[in-house]
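Hi,

Here is the structure I said I would pass on. Have a look at it first, and then read my notes below.

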Amino acid sequence: MSNGDSIFEISLMARVTWDLHSLNNEGTVGNVTEPRTVVLASGQKSDGVSGEMLKHIHSYNIWLLEADKSHFCPACACLHPQRADEPKYRKTLSGKDNIEVMSKAIKNCSLCDLHGFLMQEPPINRRSTIEFGWVVGIPEHFHREIHLHARHSQTERQTKEQRAEAEQEEQREVSAQMPYHRPTRSGIYALVSLFQPWRIGLNEINYEYVLGADDRKARYCLALEAYKAGFMRADGAMTSTRLAHVEAIEGIIAVSECNFPVPVLSPLRDSYKSEVEALAKKQGGIKVLTFASLAQLMQIWDDLKVKAILDFKK
Ligand SMILES: [Zn+2]
């Protein structure tokens with residue numbers, strides 16, 4: 001089944017050290033923004049960044065890195081979240097059955113193919129070939145603070161006389177100076193992702209590939225480039241004032257070289273790398289690649305680009 005130089009699935013398990021960020025938040029009530037909080041199996045509460053955030057960043061990078069935007073459907077060409085379900089475009093996909101509609105949607109758009117979509121009519125859905133879990137703070141290794149900031153108004157930096165005059169003229173209807181509270185977090189975070197290249201171009205209604213090998217390979221390379229772009233810096237919320245300090249990244253990539261699912265173990269466990277290595281050795285057909293820096297991770301993604309991608313028939 002394995003020829004040692006082909007890719008079926010890829011999993012990424014990593015610990016990233018991000019300082020002084022606020023990449024994902026619960027929301028804002030009044031003038032207080034609450035950070036994302038998740039609860040682990042142990043009952044411990046931790047800091048988190050949602051998989052939705054990482055998936056959105058990955059899809060954005062696919063859009064950014066694809067020079068020819070005609071490779072996208074109209075909605076994806078302008079990053080509209082409806083994807084293939086955009087009403088005008090959906091009408092152009094009509095076919096004699098759901099199989100044909102799905103085939104057209106996959107063929108027409110690399111983002112719909114790679115990241116999936118949900119269509120209302122006909123009611124069909126495509127599952128993403130790229131998945132992300134929560135990025136979660138390792139207990140005892142993350143910190144959170146709420147900082148007080150203030151928006152200052154030039155108009156309120158007036159002399160006493162000017163203020164008195166303005167008040168008399170009833171010009172100061174609403175105070176433009178406003179205090180607000182925002183979270184800042186630092187920590188070592190566990191991150192997991194799964195990529196299933198064998199499903200690129202695969203219509204999973206009739207299990208037929210609708211793309212040739214070259215087109216599937218091009219989309220595979222585009223997805224790997226988007227992974228690279230997503231890790232070059234930490235992206236997410238509040239980066240205009242809390243651009244994350246990326247201090248370190250280390251982890252392991254497992255590559256399935258035959259039609260067997262690749263393992264995904266949580267880097268919340270200190271032993272995750274040795275456990276993945278042991279699993280791969282026992283199973284066979286799974287290669288593991290460790291990295292201790294961003295440069296090493298980038299090199300692994302580049303090395304994977306030259307591999308052939310398998311389909312489920314092999
Ligand atoms: Zn699309």
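Helix H1 buries Leu-54, His-58, Ser-59, Asn-61, Ile-62 and Trp-63. The helix runs over residues 51-65, so to speak 15 residues in all, and reaches 21 Å from its first C-alpha to its last, close to the 21 Å expected at 1.5 Å a residue. Part of the cover over those buried residues comes from other helices, including H2 (74-77), H5 (110-115) and H7, and strands S9 (130-132) and S10 (135-151) also take part. Bear in mind throughout that this is a predicted model.

H7 deserves a look of its own. You will find it at residues 213-232, 20 residues that reach 29 Å from first C-alpha to last, close to the 28 Å expected at 1.5 Å a residue. Its buried residues are Arg-216, Arg-219, Tyr-220, Leu-222, Ala-223, Leu-224, Ala-226, Tyr-227, Gly-230 and Phe-231. As a reminder on helices in general, there are 3.6 residues a turn in an α-helix, so residues three or four places apart point the same way.

Now for the core. Which residues of the largest nonpolar core touch the most other members? They are Cys-112 and Ala-223, in a core of 69 residues. H7 supplies the largest share of this core, with seven residues. Nonpolar side chains do tend to be buried together in soluble globular proteins. If you want to see what surrounds Cys-112, leave aside its neighbours within four places in sequence: the contacts are then Cys-73, Cys-76, Arg-83, Ala-84, Ala-105, Ile-106, Phe-117 and Arg-126.

For a contrast, go to strand S3, residues 25-29. Is this strand buried or in the open? None of its five residues is buried, so S3 lies largely in the open. S3 pairs with strand S4 (residues 32-35) in the antiparallel sense, over four bridges. Within that pairing, Gly-27 stands opposite Glu-34 in S4. The two strands form a hairpin with two residues between them, and there Gly-30 takes a positive phi near 65°.

Finally, the whole protein. Ten helices and 16 strands make up its secondary structure, and 37% of the 314 residues count as buried. Along the principal axes, the C-alpha atoms fill a box of roughly 85 × 50 × 35 Å. Of the contacts between residues at least 6 apart in sequence, 75% join residues at least 24 apart.

Over to you now!

Definitions and conventions: Residues numbered from 1 in each chain as written. Predicted model: local features only at pLDDT ≥ 70, side-chain atom pairs only at ≥ 80, totals over all residues. Buried ≥ 20, exposed ≤ 12 C-beta atoms within 10 Å, placed from the backbone. Contact = placed C-beta atoms within 7 Å. Pairing = 2+ DSSP bridges. Expected span 1.5 Å × (residues − 1). Core = buried A, V, L, I, M, F, W, Y, C linked by C-beta atoms within 7 Å.
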